[in-house]
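Here are my notes on the model. Please read them with the structure open.

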Amino acid sequence: MRILLVSTPGQPGEKIARSIGRMGHAVDWEKGYASARDAIAVQDYALGIVELRDDLSHALGLVSALCARTPVLALANGARTRGRLEAFRAGADDCVSIPFHQDELDARVRALIRRRHGNAVSRLSLGDLILDQVGRRVYVKGRAIALTRREVALLEILLGEPDKVFPKSELLDQLYGFDSEAAPNTIELYVARLRRKLFRATAGIRTVRGIGYQIVGEIDDWTAGSRSGVKTAP
Amino acid sequence: MKTLLIEDNVELGDALKAHLLRSGHHCIWLESTADFDKTIDKEAFDVIVLDLMLPRVSGSQLLNSMRERRIAMPVLIITARSEIDQRVRHLDAGADDYLVKPFELEEFSSRLNAVARRGVGLNQPLVRRGGLAIDPLARRVFIDGSEVEYVRREFQILLQLAHAREQTVMRSALVRNVFGYENDISENALEIYISRIRRKFPDGTDVAIITERGVGYRLTTGNDQ
């Protein structure tokens with residue numbers, strides 16, 4: 001998933017960006033409020049993390065603009081309650097004070113992201129396929145499957161909305177930040193690998209010709225052929 | 001907004017319940033987890049406030065069993081346990097927020113509203129029109145960043161006008177939606193409510209209610225939306 005981080009250069013931005021990257025999400029780190037506004041004009045995010053600095057009215061304005069379309073986690077400067085209340089008043093979904101413990105911030109990020117699709121637990125499942133969003137592990141019929149970070153991230157996006165057809169461009173958008181240069185066929189590559197690794201699952205990724213991909217609870221025969229890597233005529 | 005409060009400390013439970021009722025919310029308070037199932041079978045709640053250290057079945061156990069049974073109601077944990085691993089563990093077990101005691105009532109309210117807002121199926125973000133922000137669930141109104149208190153009907157009228165964006169809402173529609181059919185209320189009463197709403201607008205704001213004579217009312221908010 002793609003996350004917008006709005007924070008001055010240095011800490012705590014670096015720590016946050018690194019940690020979110022480790023979770024397998026793409027991060028757009030904007031260092032100013034104006035560039036953050038440009039980013040939200042052209043890109044959808046699964047979450048916005050906004051540091052509230054001296055320039056409080058601009059920061060709160062950004063929180064308000066952002067929270068209309070995506071959950072917002074605000075970082076208030078200092079431990080005083082007032083800063084946090086202002087963030088909530090501007091529409092933030094959660095707020096922690098700086099300094100914070102990175103593990104707690106990560107857990108709050110997970111809590112906000114899962115609620116976006118109405119999930120109450122950090123676990124996505126479809127048929128006998130389970131993705132544990134805390135441990136970033138995938139299980140088929142109770143067995144752990146070895147996937148790379150990106151493969152887990154792609155599967156997480158698909159499983160967030162089963163049956164939805166995701167255009168390749170949207171998947172690419174959600175997997176990579178602005179700075180990354182990934183080609184559209186990267187997605188094809190990842191999908192092919194995921195299919196190979198998940199071939200024992202009842203659920204599977206279906207190609208919707210000319211549009212993109214969707215994950216379905218029960219994959220049909222023809223696609224089953226292509227997901228095991230065997231080319232079969234339709 | 002309906003809150004289920006589970007807290008065994010009588011003083012705190014009492015204070016929180018009173019606070020919620022004062023804010024115009026509905027609240028059921030349980031001193032233990034024993035009657036949880038019975039209570040949620042009878043009534044739907046927007047949010048659950050859960051203490052961790054409870055007699056017999058603890059808050060942690062209840063949270064786990066809820067989520068295992070796919071009860072997806074939003075949960076705000078309130079607890080004296082401030083350790084990071086406790087926070088992480090409970091957030092990852094399905095809590096939506098975790099607030100450490102002692103806390104200020106205002107922060108409690110803010111977190112409760114935020115948690116309820118993003119809960120299952122509710123998904124009612126703030127209604128924003130220029131400098132006006134309305135939290136439909138918490139029934140709170142902010143104009144140019146400061147809170148303005150409106151009584152129930154004033155609030156409903158304002159929300160209706162906000163939902164209509166800058167369109168004129170017919171007087172008859174407002175009366176019907178706010179007062180209902182059965183209420184024998186004249187359109188003069190509506191005018192009184194409108195003037196009360198206007199009086200509470202802070203000085204210098206761009207938020208205003210325009211009277212369209214013989215037709216109805218519409219909200220304007222300047223141009224920054």
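1. Basis. This is a predicted model, in which local features need pLDDT of at least 70, side-chain atom pairs count only at pLDDT 80 or more, and totals for chains, interfaces and linings use all residues. Residues are numbered from 1 along each chain as its sequence is written, chains are lettered from A and ligands numbered from 1 in the order in which they are written, and side-chain values use heavy atoms, with hydrogens and water left out.

2. Interface size. Chain A brings 28 residues into contact with 28 residues of chain B; contact means heavy atoms within 4.5 Å. About 2500 Å² is buried between the two chains, and carbon and sulfur atoms give 49% of that. Buried area is the accessible area (1.4 Å probe) that two parts lose on being put together, summed over both.

3. Polar links across the interface. Seven salt bridges run between chain A and chain B. A salt bridge is a side-chain nitrogen of Lys or Arg within 4 Å of a carboxyl oxygen of Asp or Glu. There are also 17 residue pairs in polar contact between the chains, both residues at pLDDT 80 or more. A polar contact is a pair of N or O atoms within 3.5 Å; within protein, one must be able to donate a hydrogen and the other to accept it, and residues adjacent in sequence count only if both atoms are side-chain atoms.

4. Chain A's face. On the side of chain A that touches chain B, helix 5 of chain A gives the most, with nine residues. Helices (H or I, at least four residues) and strands (E, at least two) are DSSP runs, numbered from the N terminus. The residues of this side divide into 12 nonpolar, six polar and 10 charged. Here Ala, Val, Leu, Ile, Met, Phe, Trp, Tyr, Cys and Pro count as nonpolar, Asp, Glu, Lys and Arg as charged, and the others, Gly among them, as polar.

5. B:Glu107 and A:Arg84 pair at 2.7 Å, N to O. This pair crosses from helix 5 (residues 105-117) of chain B to helix 4 of chain A. B:Glu107 is buried at 3% relative accessibility, and A:Arg84 is buried at 12%. Buried means under 20% relative accessible area, exposed over 50%, partly exposed in between (1.4 Å probe, protein chains only). A:Glu104 bridges to B:Arg87, with the closest N and O atoms 3.0 Å apart. A:Arg84, A:Asp94, A:Glu104, A:Arg108, B:Arg87, B:Asp97, B:Glu107 and B:Arg111 are linked in a network of salt bridges. A:Arg115 also bridges to B:Asp96, at 2.6 Å.

6. A bridge within chain A. A:Arg136 and A:Glu156 form a salt bridge at 2.9 Å. Both residues are buried.

7. Cores. The largest nonpolar core has 50 residues, and A:Ile49, A:Leu129 and A:Leu155 touch the most other members. Helix 6 (residues 149-160) of chain A gives the most to this core, with seven residues. Another core, of 29 residues, lies apart from it and includes B:Ala164 and B:Leu174. A nonpolar core is a set of buried Ala, Val, Leu, Ile, Met, Phe, Trp, Tyr and Cys residues joined through side-chain atoms within 4.5 Å.

8. Two single residues. A:Gln102 sits in helix 5 of chain A and is buried at 11%. Its side chain makes a polar contact with the side chain of A:Ser19 (3.5 Å). A:Ala183 lies in the loop between helix 7 (168-175) and helix 8 (185-197) of chain A. A:Ala183 is partly exposed, at 35% relative accessibility.
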